[in-house]
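Visitor: Could you take me through one part of this model in close detail? I'd like the cut-offs along the way.

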Amino acid sequence: MNIEWTRQKGEPATAYQAACIYFELGPDRTLKTVSERVGKTSRTVETWSAKWQWVNRASAWDNYHQNRKLEIEEDEFRKAASKEAEFWAKKRTDLRKEALALGDEMLKRVREMMRFPLHEAQPDKRDDKVIIVKPIRWNGNTMIHTLRAGIDLKCLATGLAAGT
């Protein structure tokens, strides 16, 4: 495979070394700079440049390196985006686990609430016929709200719509 900036068939080694300097100088390259660096006359460097098509080859060199730079930047961007996606996927997984655990705990609490009455009746110590009714800390609405919240958490954690 003949890549444009590689040494061309018949191109002298000294001319190719000068061409490489020209390519590597980048957008601000000049034949005068090459002439000074290789210790050849400007006329010799101009002749090599014309004969071996340095301008076209330098353009191919620049395009190749610009494309490589873009590929590297795109690869770095993809890696960063992938890490970001992994981070948020883990956060979602952790949140789902936590929501499931909280939902389980809330449903356990509802089951416990259902085992106890809404009030406590005790005979009065002074008179066995009088009953003292003491309300406990929760009521039917408390149980329903806790049940709904527990079910909603479990639904959301498993990807179902809450309130179904």
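Here is a close look at one helix and its packing.

Guide: This is a predicted model, so to speak plainly about limits: local features need pLDDT of at least 70, side-chain atom pairs count only at pLDDT 80 or more, and totals for chains, interfaces and linings use all residues. Residues are numbered from 1 along each chain as its sequence is written, and side-chain values use heavy atoms, with hydrogens and water left out.

Our part is helix 4, residues 54–114 (helices are DSSP runs of H or I, at least four residues, numbered from the N terminus). Helix 4 has 61 residues and reaches 88 Å from first C-alpha to last, close to the expected 90 Å (1.5 Å times one less than the number of residues).

Its buried residues (under 20% relative accessible area, 1.4 Å probe, protein chains only) are Trp 54, Arg 57, Ala 58, Ala 60, Trp 61, Ala 99, Gly 103, Leu 107, Val 110 and Met 113. These pack against helix 1 (13–24), helix 2 (31–38), helix 3 (42–51) and helix 5 (140–157).

Take helix 5: its axis and that of helix 4 are 8 Å apart, at an angle of about 155 degrees (axes are lines fitted to C-alpha atoms over the stretch in contact, and angles run from 0 to 180 degrees between N-to-C directions). The two are therefore roughly antiparallel (over 145 degrees). On the helix 4 side, the contact (heavy atoms within 4.5 Å) includes Ala 99, Gly 103 and Leu 107, while helix 5 brings residues including Thr 146, Gly 150 and Leu 153.

Technical notes:
Buried < 20%, exposed > 50% of the residue type's maximum accessible area, 1.4 Å probe, protein only. Parallel < 35°, antiparallel > 145°, perpendicular 65-115°, else oblique.
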